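Please look over the sequence and the model before reading on.

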Amino acid sequence: MKTVLSKYLRPYYGRMLLGFVIKFIGTIMDLCLPWILAYMIDTVIPQGRRNDIFVWGFVMIVCSVLALTFNVVANRMASRVARDTTETIRHDLFVKIMWLSNAKTDEFTKPSLISRLTTDTYNIQQMLGRVQRLGVRAPILVIGGILVTLTLDPVLTLVMVSVMPVTAFVTYYFSRKSIPMYNALQRAVDQFVRLLREDIAGIRVIKALSKTDCEEQKYDDLNKKVVTLERKADVTMAVVNPATNLFLNLGLVFVVIVGAYRVDQGTSEVGKILAFLTYFTIILNAMINISKMFVIISRAVASADRIMEVIDVPDQVDQDEIKLDKINPNQVQSVYGEQSAEDEAYIRFEHVTFSYRSAEAEPNLADISFSLKKGETLGIIGATGSGKSTLAALLMRFYETDRGNIYIEGEDIRSMEAGRLRERFGVVFQNDTIFEDSIAGNVRMGRTLSDAEVRKAIEYARAKEFVEEAGRGYDDHINIRGANLSGGQKQRILIARALAAKPDILILDDSSSALDYRTDAALRRELAAHFADTTKLIIAQRVSSILHADHIMVLEDGKMIGYGTHEELLEHCEVYREIRDSQM
């Protein structure tokens, strides 16, 4: 919360100060009304000065109008500050989420990030707006009301003030107790969002397998958990308002009793008692508003901590901890011996080991070493879970290696700014995403690509036949997740997206699984003809997709058990030979 106040509110300090001044003036106008009324009852009316009654009545009208005007203006300014501050927080949080490493995304979980971007930022906005509107007005009403009542009757003021420490303690105690409860509630909401996200995305599978009842039960259980945690937090904070009302009303009873006694003794006046009761009501409402504000602040503190937990994630690994030495590509060692002096390693993996769980856990990739020259093609094949996609994720630096180094053109990728590194790539992931946009929009993806470049990419991806010949057109609308496309059509659009910017490195991760053999072969011919200088990593389940690659890597349980050409692997690698025999 401290960071939110110091970093994100700093640009609005001037506007907030002006709003506080306006709110202060409006509140003072409110405080003047009971005092003027008491003066009229105790002084002006008994003397029968009719003209003064009209004058002071006009003054009360002016104070009322000024109070209304200044408070409305201040509230609007507060709303704008809260809105603009939250907009900046939401923007920074979104940008940070976009650049989080996959490891951090996995750690936070996607539903939690969605919840922080929506519910938590909303809680911050509510808090900022409420604090500016009531955080100034309520304390001024309390302090100003006490000061004014001291001028009217110090004895009654002491009676009234005597109950306030108790109400302040109750508010503080229960507010502090509720913050961990709201943290637990937000974590449950994260799980709730995850379940909703999964069920809505997989609704066709749920219906097809008749698992609706099962998912309804899971939803009901989680919904009850959220309700229980929210009830627990709300019940805790619900003590504050009734307790505040109780103690302040007891104080009001004591004030009435003591005030009646003092009027009877002639030590006070009726107008002062009436004004005093009005001030007490003002103070009572102000204290209630303060207690309500603490409920919102408790939620906001929990939300602010969750937001800053994401924003404060370091952008990159500490460069002092990374060996950034350039390597001499002429001295690169391949897994089959020393390369000749004229060979140049464009991509190099050097004893790379990685585990999703921890560096000490069983590795998902173990001691991977290989090198590629610019324009070469590496085919990667292996069973499900062997580490094929992990290798590509490490190359794009979605995860950091536990041991070993990865180089591109002799530069350690950890020394590169993430944006500069990933601009080199065109990539199609497993289960990649089609967005609700036009065909051209899905290929362009906001990049500065001309219509001609988009059309060429679609042609190279062998998607032209269904885009043009089927009468769709480049501006034809695609439903979310490509629901109105076949599997092969989606894959060709995704490949066109990867090819459109003419990348230096192309990664195709199981991108031809839905393509027929003829289209797959035609796609390989397009890549060979038009992307000869692009270094390609093709991850595939089919031998036919990679048999013409310059190098083929065979992975099993995270280990490289074969590396070479198709012919070499048929001769030396039994696993590769078994895969070939089973498919061809």
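How many aromatic pairs does the structure hold? This is a predicted model, and it holds 7 aromatic pairs.

Phe 349, Phe 370 and Tyr 563 form one aromatic cluster. Lys 374 lies over the face of Tyr 346, and its distance from the ring centre is 4.5 Å. In another place, the ring of Tyr 517 has the charged end of Arg 542 over it, 4.6 Å from the ring centre.

Next come the strands. Strand β3 (residues 347–354) pairs with β4 in the antiparallel sense, over 5 bridges. Within this pairing, Ile 347 stands opposite Leu 372 in β4. Is strand β4 (residues 365–372) largely enclosed or largely open? Of its 8 residues, 7 are buried, so strand β4 is largely enclosed by the rest of the structure.

Charged side chains also meet one another. How many salt bridges does the structure hold? There are 19 salt bridges in the structure. In one of them, Arg 306 is joined to Asp 120, and the closest N and O atoms are 2.7 Å apart. Arg 306 lies in helix α11 (residues 270–311) and Asp 120 in helix α5 (residues 110–152), so this pair ties together parts that are 186 residues apart in sequence. Arg 306 is buried, and Asp 120 is buried too.

The salt bridge between Asp 220 and Lys 224 has an N to O distance of 3.2 Å. Its two residues both lie in helix α9 (residues 212–238), 4 residues apart, which is about one turn of the helix. Is Asp 220 buried or partly exposed? Its relative accessibility is 29%, so Asp 220 counts as partly exposed.

Asp 412 and Arg 414 also meet through their side chains in a salt bridge, at 3.2 Å from N to O. Asp 412 counts as buried because its relative accessibility is 0%. Arg 414 has a relative accessible area of 14% and is therefore buried as well; the cut-off for buried is under 20%. Salt bridges can also be linked to each other: Arg 15, Arg 83 and Asp 84 form a network of them.

Which residues make the nonpolar surface patch of about 460 Å²? The patch is made by Leu 246, Leu 250, Val 253, Phe 254 and Ile 257. Among them, Leu 250 has its place in helix α10 (residues 240–265). With a relative accessible area of 38%, Leu 250 is partly exposed.

Key: Residues numbered from 1 in each chain as written. Predicted model: local features only at pLDDT ≥ 70, side-chain atom pairs only at ≥ 80, totals over all residues. Heavy atoms only, no water. Phe/Tyr/Trp six-rings, centres within 6.5 Å; stacked < 30°, edge-to-face > 60°. Lys NZ or Arg CZ within 6 Å of the ring centre and 35° of its normal. Patch = residues over 30% accessible without salt bridge, like charges linked within 9 Å, V, L, I, M, F, W, Y side chains within 5 Å. Areas by Shrake-Rupley, 256 points an atom, 1.4 Å probe, with all protein chains shown as cover. Salt bridge = Lys/Arg side-chain N within 4 Å of Asp/Glu carboxyl O. Buried < 20%, exposed > 50% of the residue type's maximum accessible area, 1.4 Å probe, protein only. Pairing = 2+ DSSP bridges.
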